[in-house]
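Hello,

Here is the structure I promised to pass on. Have a look at it first, and my notes follow below.

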Amino acid sequence: MNRRDFVGLAGLGAGALLLPNFPSLGADLVDPARLLEPGLDIAQKKRLADVALNAAKSAGASYADVRIQRTLNQGIFTREKQVQNIGSTETMGVGIRVIANGTWGFAATNQLTDAGIAKAAQQAVAIAKANSKVQKEPVQLAPQRGYGDVSWKTPIQQNALEVPIKQKVDLLLNANAVALDNGASFVNSALFQINEQKYFASTDGSYIDQDIHRIYPNFGVTVVDRASGKFRSRQSLSQPMGLGYEYLTPKAADKIAGPAGSDVIGYKNSYDILEDAASAAKQTKQKLTCKSVTPGKYDLVLDPGHLGLTIHESVGHPLELDRVLGYEANYAGTSFATLEWKAKNLPYGSKQVNIVADKLQPGSLGAVGYDDEGVKTKEWDLIKAGKLVDYEKIRDQAHIVGQKESDGCCYSQSWQDVQFQRMPNVSLRPGTAKMSVDDLVKGVDKGIYIAGNGSFSIDQQRYNFQFGGQVFYAIEKGKITEMLEDVAYQANTQEFWGACAGSCDASDYRLFGAFNDGKGQPSQSSAVSHGSATTRFNGVNVINTARKIG
Amino acid sequence: MAILSKDEAQALLKKVLSYSTADECAVGLDGRTTGNIRYARNSVSTAGASDTVSLSVESRFGKRSGIATCNEFDEATLRRCVQRAEEIARLAPESPEYMPLLGPQTYLNPPSAAATLLTPATRAQAAADSIGLCAAKNLTAAGFLDGGARFSALRNSKGLESYQQSTSTDFSVTVRTADGRGSGYAISDATDPSKLNFKSLTQRAADKAASSVMAKAIEPGKYTVILEPAALMAGDDLSLLGGLVYNMGAREADEGRSFLTKKGGGNRKGEKLFDERVNIYSDPLNADVPGNAFDGEGLPTKRMSWVEKGVVKNMFYSRFWAQKNNVAPTAFPSSFIMTGGTQSTAELIKSTAKGILVTRLWYIREVDPQTLLYTGLTRDGTFYIENGAIKFPIKNMRFNESPIIMLNNVEAIGRPQRLANCLVPPLKIRDFTFTSLSDAV
């Protein structure tokens, strides 16, 4: 949300302002029971979709697609012993995208009548024709066969929106109580739940019905030392996931301990919020008095809950083909990994670096059956043995790199926004040899183990980055020795991946989630996951971030 | 439909209030008519328009509150919306931070909105002009033009009534050289779009792009910098000055978790934290950056000094926190003004023996909330200054710096310009900390 949207929300009453990063703009706040009501039935959706496609064709479109989308959100926000806010939102409408005169046009409406939809389709064609006057090259779409009537659903066990609000509030308040009992001065917790009910149809002959679910529990703990005026915080080690409420029922098999001496527990497909709240409070107290890092070169051992964000920023974004081509030059930026750079066959990383893109991994945020232009999702290699082999692309980009099919990366955050190329899940393959995190640490002489993601920043072509974390531990002669503070590492993408010295095996593999990845003008949010096992990087530059102010 | 007049809005709100059976009820309307065009690679990529009006209803029973919204206004929908808010309120837990609704308030009357706005055709023309200028010089333009009108109206069962209309248009453009070795940027916004000169802004970005090729690397370290307004404030991301003012909440400071926390307890209001030339205030009546007359609860905004002669003059108090501390609450302003002098950026350069001119800072993130340490990078035009003149373009660099330290190291303050609905002067700062080089252009 940008500042102007924030200011705009002022008219929505004080309650709306308490929904931090909650995608309520343009959606209606509704009774939670409304989220359990079924939307339009599939036959109605198909009929309305045909109204849009026929109206677009009649107005002169050579291609059209339509998304009839209902998005349900629920956010629960608490601090210490109190509930701050509970918001349930619903938004539903139709987005119609067309090609006319070789140019894209888009229009959307929440008038779900034949007349309203036909008018929007005609408007989309009119916009396409108007913009075709400034268009240099006609749009070229990679061919796509129609799938007929198909459906897909996130494989969840329990729809979080069906769980009574009281049960969810109690869980958050219990986590807060555990944090306070373990020494937290303050604790905020929240639970986000999203359900996208998406119906897509196109003139290619696809009618695709999808039911997509995401969940994100999280908290932040702060410990204050009044006497010194010093405070430290630690965020939860949970991840946003493409799962149902089952994510909040902890299972022993999903817990993965960090290296011996670190007191860190990572989570796979289920999360123990009470255990993490206790651990967060204890670690935050330690952070107030632990040693400040000595800057210099260290071998870094990065937990998957940390490394995921580094993958996101330094691999996921630079390989988005729209950035590479310059479509995001005015805002998100371009990319160092240009077509010319790739043609030179320059190394992206060491031979240990194998990075794969997908929209399939169960539990991931990016998993769908079909993307927002009707392409069946898949898995493909981006980096093989350290060499860049492919990009992330959609139908109107495939021909630019001499390919015949889309990767299925097209996404729109809502019925009212135009779909465009977004990042798929981008993951580092785990090591093939048996390797535990203790085995990995054993080989490090002078290093730092980092878990959780903290401050992150990268330049607009994705060369130079700086990352912090949630907890840091010194490694000396193969062993964790003590907690550290004020740690951030700075590196260059190629050098960093070039310094990759190997990962733990698949038993350590976990997903990191980016819940609100922003791109585009006006900005749209999307959610993707990044899998990896704990991984070692040699000789990375670590800075000390402590400062003195008057 | 999107922009209702005061009478239309209040008549609708009055009707909605009449359906309420709650102890207290507050209703609000927020509407906007906006349009945008986006271009890249010297061609239009997307264009869109939207007309929306949303009604919000907050119903309260005792200390329980529920909010519902809708965007259709037939009687049945309005009644359902009120009913939903009341149902949600009955189910809600009691708020320990409950504050009764405000009664009637007196509001300032900020300067009126622009009469004429851009249309799809004038937006397309602006994009075509910007693209044409660049294409003729073998440069590549990417830009975004977005704007329109909005209104906001509130009414509640305690007799509060408020209404305001406003307009704004934002334009930004990035121009790159064909070989990708130079990049320049320009940004501006205005209440009245006729005050935006798209061609001259594009020209400025084009000049910066052309003059930033063949950038040389210099050693990172502490440098005197001239930070242009786009390096200090951003409408759509964290910025050095924005980060500072948005972190001036009294509650966070009193709770011990802010840069304004006082050792031993309390906050640092009244302490001199910055150079005495630093003054930051807000004024909804400022003709250059007219502000909102009221916040989301209907609390009136007024001229407020936040930093005066380097001293923290005021902090933000919500109504709850203000009551708890027995002080007046502060409505959050929609714009900030940092005062400055009369010198242009060019004049600041002339008086600089050695330094760096920074066009824009990018991807700024907080590193340490205790000290407000931020990191980020220069972008789209970074130049080395020697003996009062720009000598050569330099490669971009990452900084790690706190705006608190920055505003203690002030060498000179230039003439404020409008950016992101704020007035921001270019600043000359000594000992600004760059920590590494970036190859990004």
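**Two helices in chain B**

In α3(B), the residues B:Ala126, B:Asp129, B:Ser130, B:Leu133 and B:Cys134 meet B:Phe198, B:Lys199, B:Thr202, B:Gln203 and B:Ala206 of α4(B); two residues are in contact if their C-beta atoms, placed from the backbone, lie within 7 Å. By class, this contact has five nonpolar, three polar and two charged residues. Here Ala, Val, Leu, Ile, Met, Phe, Trp, Tyr, Cys and Pro count as nonpolar, Asp, Glu, Lys and Arg as charged, and the others, Gly among them, as polar.

Before going further, please note that this is a predicted model: local features need pLDDT of at least 70 and side-chain atom pairs count only at pLDDT 80 or more, while totals for chains, interfaces and linings use all residues. Residues are numbered from 1 along each chain as its sequence is written, and chains are lettered from A and ligands numbered from 1 in the order in which they are written.

Helix α3 (residues 120-135) and helix α4 (residues 198-211) of chain B pack at an angle of about 35°, and their axes are 9 Å apart. Axes are lines fitted to C-alpha atoms, for helices over the stretch in contact, and angles run from 0 to 180 degrees between N-to-C directions. Helices (H or I, at least four residues) and strands (E, at least two) are DSSP runs, numbered from the N terminus.

**Strands in chain B**

Strand β8 (residues 280-282) of chain B runs antiparallel to strand β9 (residues 304-308) of chain B, and three bridges join them; strands pair if DSSP finds at least two bridges between them. B:Ile280 is opposite B:Val307 in β9(B). β9(B) also pairs with strand β10 (residues 311-312) of chain B, antiparallel and over two bridges, with B:Glu308 opposite B:Val311. The hairpin of β9(B) and β10(B) has two residues between the strands, and B:Lys309 takes a positive phi near 50° there.

**A sheet in chain A**

Four strands of chain A form an open antiparallel sheet in the order β15-β14-β13-β18. Its edge strands are β15 (387-388) and β18 (425-428), each pairing on one side only. Four bridges link β13 (residues 355-358) of chain A to β18(A), and A:Ala357 stands opposite A:Val426. Helix α7 (residues 304-316) of chain A lies across β13, β14 (379-384) and β18, running at about 110° to β18(A).

**Where the chains meet**

In total, 66 residues of chain A are in contact with 90 residues of chain B. Helix α2 (residues 13-17) of chain A gives the largest share of chain A's side, five residues.

Best wishes
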